[in-house]
Amino acid sequence: MASSGSWSLALRFACRLCVILALVLDSKISVVAGDDSNVPGVNSAGVGGGASELCDNELSSFMPPPYGNLSEIVCRPIWNTFVLRYSQTEDHVMNIILSAVYTTGWVGLGFSKDGMMVGSSAMVGWVNRKGQARIKQYFLQGSKVSQVIPDKGELPLTGIPASLVLHGPRIYLAFQLKFPTHLARQPIILAIGSGYPKHHHLTKHNDKTTILFDFSAGSASEAPTNFGQMKKNHGILAIFGWGLIIPVGAIVPRYFKHKDPLWYYLHALIQFVGFVIGLAAVVLGQQLYTKIGANFPTHRAIGIFVLVLSILQILAFFLRPNKDAKIRKYWNWYHHWLGRFAVFFAAVNILLGIKIGAAGNDWKIGYGFLLGVILLSVIVLEALARMRRTEKDTLPSNFQMNPVQ
C-alpha cells in the first residue's frame, strides 16, 4: 500500500487543486455594465438627436399593430445611431423594434449563440430604389456574401408579420419572436451596409459590432473584440494538451515498459505537462463562456468531465500501491481505463468544439491528420509489441542469445 506520507501529500494536493478548480469554474467575470455608459453610442446624442428624444417618439402614429401599441416597452440606444426597443411577456413573446438613421442600403440585427457572425440568424430591412419596404430573415452560414442565405434562419418568428417603416430620417425594423424560456443575456450583432441588396442578396456590410445585451435588465456591454482569437487559443490549447500530449503520454507506459524506470518518469512528466496545457484550455473556455454567453452545454460538460478524470489520474499517481500489494491489479485497472476514457472523451470534445465553433476545413484537416498519425503510431507499436511477445514465447526456456563457446 502507499505510505501515510503519500496519502497526506495526495490529500493536500487534492485540496489545493479543488480550490483552484472551484475558483476557475465559479468565477464570474462581469461583462454586463450596470448602466449603459460604457457602450459606444449608448447615452450619447448620436446623429439622430439626444437619447431621450430618440426614445420619446410616439410609435403609435406610424407603426402598425401590434408594434405601435406595445405596453411596458424598454428603449435603449445601443450603438452609433441604433436604438433598440423591446417588450417581453410572461409567456416569453418578445417584440423587437430596431431603428437607425437611414439613407440607403440595409440595416440588420442578428442573434448569435457565441458572439460570432458565422452561424447566427438575422433580421435585415431596407427600402429599395422603387421605395418599397423589405424585411427578411437571413442565415449567416459563412463569412462570404454568397453564404448569407435569405429566407433562412433559426429565429423563432411568430405568425405576426414583420414590419419595416421609414419615418423621417430613421428606419424601423419590427418583428416578434417567441422563445421557450425567458430571454436574458444574448449576444446580438448590429450591422449596416450602404449598398442595396441585389435579388435579396446582401452586399457586404460597411460597419458592424457585437453587443452582449441583457434583456432582463435592459443593459448592454460591448462584447470583447478579441473573442475570435480567444476561441482560436482555446482550440489550440485543447488540441495540443488533450489531443496530442496526453495521448503520447498514454502510449509510453504501454509500449516502452522495457525501458524501466525511464518509461515511468517520461509518462509522469508528459502527462503533467499535458494536464497543465489542458487546464489552461478549460480556463480559457470558461472565460469565453462568461464573457460572450456561449451556450454549448454538451461541449462544456464533456470538457469538465475530462478535467475531473484527469484530476483523478493525478491523485492516482500519489496513491499508487507497491508492486506486491494485493490491490495493485485493481489500481492498474482503474488507472488504465480511466485514462482511456479521458483520452476518448477529449477527442470527442475536440471534434465537437471544431464543429460548433465553425472553425473551417483547415482545423478539421489538421486535427484529422494529427489523430491519424497517433492512431497509425499505435497500430505500428502494437504490431511490434505482439511480434516481440510471439518471438519470446517461441524461444525454448534454455535458449541463450550468446552461448558461451
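Author: With a term. Strands are DSSP runs of E, at least two residues long, numbered from the N terminus. The model is predicted.

Reader: In which strand is the place of S99?
Author: By that numbering, S99 belongs to strand β3.

Reader: Is S99 buried or exposed?
Author: Buried means under 20% relative accessible area. S99 has a relative accessible area of 1%, so S99 counts as buried.

Reader: A polar contact joins the side chains of S99 and which residue?
Author: Leaving aside neighbours within four places in sequence, S99 is in contact with T81, F82, V83, R85, R170, I171 and Y172. One of these makes a side-chain polar contact with S99, at 3.2 Å: R170.

Reader: Which residue stands opposite R170?
Author: R170 is in β9. Five bridges join β9 to β8, and the two run antiparallel. Opposite R170 stands H167.

Reader: The side chain of N95 makes a polar contact with the side chain of which residue?
Author: N95 is found in strand β3, residues 93–101. N95 is buried, since its relative accessible area is 5%. Beyond four places in sequence, its contacts include Y67, R85, F175 and Q176. The side-chain polar contact, at 2.7 Å, is with Q176.

Reader: Which strands stand at the edges of the sheet?
Author: Five strands form an open sheet, paired antiparallel, in the order β1-β2-β3-β9-β8. An edge strand has a single partner, so one side is left without a neighbour in the sheet. That describes β1 (74–79) and β8 (163–167).

Reader: By how many degrees are neighbouring strands of this sheet turned against each other on average?
Author: Direction is ignored here.

Reader: Which element has the lowest mean pLDDT?
Author: The protein chain averages a pLDDT of 80, and 80% of the residues score at least 70. Strand β9 (residues 170–178) has the highest mean among the elements, 95. Over residues 18–50, pLDDT stays under 50. The lowest mean, 47, belongs to helix α1 (residues 4–26).

Reader: How far apart are the end C-alpha atoms over residues 264–289?
Author: An unreviewed UniProt entry annotates these residues as a transmembrane region. The stretch is 100% helix and 0% strand. Its end C-alpha atoms are 37 Å apart.

Terms used: Residues numbered from 1 in each chain as written. Heavy atoms only, no water. pLDDT = per-residue confidence, 0-100. Helix = DSSP H or I, 4+ residues; strand = E, 2+ residues; numbered from the N terminus. Contact = heavy atoms within 4.5 Å. UniProt positions renumbered as here; feature names shortened; annotations may be inferred. Buried < 20%, exposed > 50% of the residue type's maximum accessible area, 1.4 Å probe, protein only. Polar contact = N/O pair within 3.5 Å; in protein donor to acceptor, adjacent residues only side chain to side chain. Pairing = 2+ DSSP bridges. Axes fitted to C-alpha atoms, helices over the stretch in contact; angles between N-to-C directions.
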